[in-house]
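I wanted a record of what I looked up in this model. The entries follow the order in which I went through it.

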Amino acid sequence: MAPLPIRDRAGNTLVAFRVVTDVELERLDDQVAVPAAVVVVEHAGGVLMMFDSWRKQWELPGGAREPGETSRQAAVRELREETGIHGVEPEGVAVAEFDLTNPDRHELLAIYRVRLQAVPRLLVNDEALGFLWWPPPNPVGEDMNPLDAEIARRVIRGVVLRQQV
């Protein structure tokens, strides 16, 4: 894992990461407007990354909440829209804190996890031009979002550590 803070090529900065329980994440979502969510989808030692058509990089599926939506609902909807994966129940596992650019703002991100037993049928679409199963111990390439890669690594490690306690 990389020491925080870390930046991406656009200047966005991951400043903090905290492992939480599903209940803690729901409680936070009730208290503070957590504007976005991502899903770390695991299968056979890999994490699902999608190639974002707008940012031209590999990143985790996820996105902004719509009005009236919880973070969990946003995670489920974004996962379905961006990958075609549906019928899964993501587990809330972490919260990340960012300093973002364009526009400048400080923001929280709800992080969910789904562990799949079989490779799903993934649907290329106007948001996701392709998919890969990235092994978190591998290096991060220039075309991968380093913040999302770090989130995936921390989720995998945090969940493992939590299960050992």
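**Entry 1: strand S3 and its partners**

I began with S3 and S8, which pair in the parallel sense over seven bridges. I took strands as paired if DSSP finds at least two bridges between them. Helices (H or I, at least four residues) and strands (E, at least two) are DSSP runs, numbered from the N terminus. This is a predicted model, so I used local features only at pLDDT of at least 70 and side-chain atom pairs only at pLDDT 80 or more, while totals for chains, interfaces and linings use all residues. Residues are numbered from 1 along each chain as its sequence is written, and side-chain values use heavy atoms, with hydrogens and water left out.

I then checked single pairs. The bridge partner of Val-41 in S8 is Val-114. S3 also runs antiparallel to strand S6 (residues 62–64), with three bridges. There, Val-38 has Gly-62 as its bridge partner. S4 pairs with S3 in the antiparallel sense over two bridges. Glu-42 stands opposite Val-47 in S4. The S3 and S4 hairpin has two residues between the strands, and Ala-44 in the turn has a positive phi of about 50 degrees.

Which way do the S3 residues point? Ala-36, Val-38, Val-40 and Glu-42 point one way, and Ala-37, Val-39, Val-41 and His-43 the other. In a regular strand, side chains alternate between the two faces of the sheet. Eight of the eight S3 residues are buried. Buried means under 20% relative accessible area, exposed over 50%, and partly exposed in between (1.4 Å probe, protein chains only).

**Entry 2: strand S7**

I moved on to S7. Seven of its 10 residues are buried, so I noted it as mostly covered. S7 pairs with S2 in the antiparallel sense over six bridges. In that pairing, Phe-17 stands opposite Ala-96. S7 and S8 are antiparallel too, over nine bridges. Ala-94 stands opposite Ile-111 in S8. The hairpin of S7 and S8 has four residues between the strands, and Asn-102 there takes a positive phi near 55 degrees.

**Entry 3: nonpolar cores**

I next looked up the cores. A nonpolar core is a set of buried Ala, Val, Leu, Ile, Met, Phe, Trp, Tyr and Cys residues joined through side-chain atoms within 4.5 Å. The largest has 25 residues. Leu-60, Ala-96, Phe-98, Leu-109, Ile-111 and Ile-151 have the most contacts inside it. Two or more residues each come from S2 (13–19), S3 (36–43), S4 (46–52), S7 (91–100), S8 (105–115) and helix H3 (146–164). A second, separate core has 20 residues, including Leu-25, Leu-28, Val-39 and Leu-48. In soluble globular proteins, nonpolar side chains tend to be buried together.

I listed the contacts (heavy atoms within 4.5 Å) of Leu-109. Beyond four places in sequence, its contacts include Val-34, Val-38, Val-95, Phe-98 and Ile-151.

Leaving aside neighbours within four places in sequence, His-106 touches Val-15, Glu-97, Phe-98 and Asp-99. Its side chain makes a polar contact with the side chain of Glu-97 at 2.6 Å. Another polar contact of 2.6 Å joins the side chains of His-106 and Asp-99. I counted as polar contacts pairs of N or O atoms within 3.5 Å; within protein, one must be able to donate a hydrogen and the other to accept it, and residues adjacent in sequence count only if both atoms are side-chain atoms.

Glu-78 sits in helix H2 (residues 71–83). Glu-78 counts as buried because its relative accessibility is 8%. Its contacts beyond four places in sequence are Gly-62, Gly-63, Ala-64, Thr-83 and Glu-127.

**Entry 4: confidence and annotation**

I checked pLDDT, the predictor's confidence in each residue, from 0 to 100. The protein's mean is 92, and 96% of its residues reach 70 or more. Among the elements, H3 has the lowest mean (78) and strand S5 (residues 57–59) the highest (98). Over residues 160–165 pLDDT stays under 50, and the model has five contacts beyond four places in sequence for them.

UniProt lists residues 30–157 for "domain: Nudix hydrolase" in an unreviewed entry. UniProt positions are in the numbering used here, feature names are shortened, and annotations may be inferred rather than shown by experiment. Over residues 30–157 the chain is 21% helix and 38% strand, with the end C-alpha atoms 27 Å apart.
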